[in-house]
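Subject: Structure handover

Hello,

Please find the structure below. My notes on it come after.

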Amino acid sequence: MSDETGKYQTTDEIKNLMDAFESCTLPRCEWHHSVHLTVALWYLIQYEEHEAINHLREAIQRYNSSVGIPTTKDGGYHETIRLFWMRIVRRYLSVAQANASILQLANGLIQTYSDKSLPLQYYSKDLLMSWKARTSWIEPDLKPFELCE
């Protein structure tokens, strides 16, 4: 991303980000919320949903391993959060303009869902930070997920 707003200026920026992510050359300090959203968007555009989910799971785990981010009870890969955001991105795509470019989609997604604490509107912190939620999908305990779909 080339500016402080977190918005992409060109489609090539997104392609370069994806190349860096998939080749595990993306600097760890650049692996943040807006990048997660962009990667999820990319996979949901490129693949059928089931494939996108599997590709993203494998890619995040591979990337985390390459930059030394272990999965522990307090950090690393988190299945429920990943699937939560995949559902959010899928919902975003379902209402986006059909002719929107990846650049428009990515920037709109980041602008709309910049609040990375959104899952806490659906999950209690204790449940969301549990080992079970980190390792498998857990249904929300505060309000049904259908309300955000």
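This is a predicted model: local features need pLDDT of at least 70, side-chain atom pairs count only at pLDDT 80 or more; totals for chains, interfaces and linings use all residues.

Residues are numbered from 1 along each chain as its sequence is written, and side-chain values use heavy atoms, leaving out hydrogens and water.

Helix H5. Helices are DSSP runs (H or I, at least four residues), numbered from the N terminus. H5 spans residues 102–112, and eight of its 11 residues are buried, so the rest of the structure largely encloses it. Buried means under 20% relative accessible area, exposed over 50% and partly exposed in between, with a 1.4 Å probe and protein chains only. The buried set is Ile102, Leu103, Leu105, Ala106, Asn107, Gly108, Leu109 and Ile110. Their cover includes helices H1 (11–22), H2 (33–46) and H4 (79–95).

H1 against H2. These two helices pack at about 95°, with axes 11 Å apart; that makes H1 roughly perpendicular to H2. Axes are lines fitted to C-alpha atoms, for helices over the stretch in contact, and angles run from 0 to 180 degrees between N-to-C directions; 65 to 115 degrees counts as roughly perpendicular. In contact (heavy atoms within 4.5 Å) are Ile14, Lys15, Leu17, Met18, Phe21 and Glu22 of H1 with Val35, Thr38, Val39, Trp42 and Tyr43 of H2. By class, the residues of this contact are eight nonpolar, one polar and two charged (nonpolar: Ala, Val, Leu, Ile, Met, Phe, Trp, Tyr, Cys and Pro; charged: Asp, Glu, Lys and Arg; polar: the others, Gly among them).

Arg82. This residue of H4 is buried, at 6% relative accessible area. Outside four places in sequence, Arg82 is in contact with Ile53, Leu56, Arg57, Ile60 and Tyr77.

Thr72. Located in the loop between H3 (49–66) and H4, Thr72 is partly exposed at 34%. Neighbours within four places aside, Thr72 is in contact with Trp131 and Arg134. Its C-alpha atom is 35 Å from that of Thr11, 61 residues away along the chain.

Cysteines. The whole structure has zero disulfides (a disulfide being a pair of cysteine sulfur atoms within 2.5 Å). The sulfur of Cys29 is 15 Å from the closest cysteine sulfur, in Cys24, which is too far for a bond. Cys29 is exposed, at 68% relative accessibility.

Regards

Notes: Angles under 35 degrees count as roughly parallel, over 145 as roughly antiparallel, 65 to 115 as roughly perpendicular and the rest as oblique.
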